[in-house]
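Work through the exercises below with the model open. Try each task before reading its solution.

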Amino acid sequence: MSKKWLTAGAGLGIGAVLLLTSGFSALASTSGYDEYKTAWKNTKAESSLTAKVGVTVTDNGAKKLQATADVKLDQALHAGSVAATFGDGQEGH
């Protein structure tokens, strides 16, 4: 049963993203593909990157796992760092 809801939710989410993307590209009078291509080129050209990631796993409303991470990468210095916390939903470790 939950697999059916997951599939339906994913389809609905993808449809909403496509609708918003096409709407914004129509306002900007450019194609969505051109915007995506430009953004991808700019992303590859960057020398540093910072990403914040958060994951929460729940079972019937009870938190079972909670994790967060801050990832920093610098190509020019060949350096990177990760600050991560993992927990059972009650306290971080």
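## Exercise 1: Sheet layout

The model is predicted. Its open sheet has three strands in the order E1-E2-E3, paired antiparallel.

**Task.** Work out which strands stand at the edges of the sheet, and why one side of each is left without a neighbour.

**Solution.** 
1. Start from the strand order, E1-E2-E3.
2. Strand E1 covers 48–59 and strand E3 covers 79–87; these two stand at the edges.
3. Each has a single partner strand, so one side of each lacks a neighbour in the sheet.
4. From one strand to the next, the twist averages 10 degrees.

## Exercise 2: A nonpolar patch

**Task.** Which residues form the nonpolar patch on the surface, and which strand gives the largest share? Then classify valine 57 as buried, partly exposed or exposed.

**Solution.** 
1. The patch consists of Val53, Val55, Val57 and Leu65. Together they have about 290 Å² of accessible area.
2. E1 gives the largest share, with three residues.
3. In a regular strand, side chains alternate between the two faces of the sheet.
4. Valine 57 lies in strand E1.
5. Apply the cut-offs: buried is under 20% relative accessible area, and exposed is over 50%.
6. The relative accessibility of valine 57 is 38%, so this residue counts as partly exposed.

## Exercise 3: Whole chain and confidence

**Task.** Give the order of helices and strands along the sequence. Then find where confidence is lowest and where it is highest.

**Solution.** 
1. Count the elements: two helices and three strands.
2. Along the sequence they follow the pattern α-α-β-β-β.
3. The chain has 93 residues, and 5% of them count as buried.
4. The mean pLDDT of the chain is 76, and 75% of the residues score at least 70.
5. Confidence is lowest in helix H1, residues 2–28, with a mean of 68. It is highest in E3, at 89.

Notes: Residues numbered from 1 in each chain as written. Predicted model: local features only at pLDDT ≥ 70, side-chain atom pairs only at ≥ 80, totals over all residues. Heavy atoms only, no water. Pairing = 2+ DSSP bridges. Helix = DSSP H or I, 4+ residues; strand = E, 2+ residues; numbered from the N terminus. Axes fitted to C-alpha atoms, helices over the stretch in contact; angles between N-to-C directions. pLDDT = per-residue confidence, 0-100. Patch = residues over 30% accessible without salt bridge, like charges linked within 9 Å, V, L, I, M, F, W, Y side chains within 5 Å. Areas by Shrake-Rupley, 256 points an atom, 1.4 Å probe, with all protein chains shown as cover. Salt bridge = Lys/Arg side-chain N within 4 Å of Asp/Glu carboxyl O. Buried < 20%, exposed > 50% of the residue type's maximum accessible area, 1.4 Å probe, protein only.
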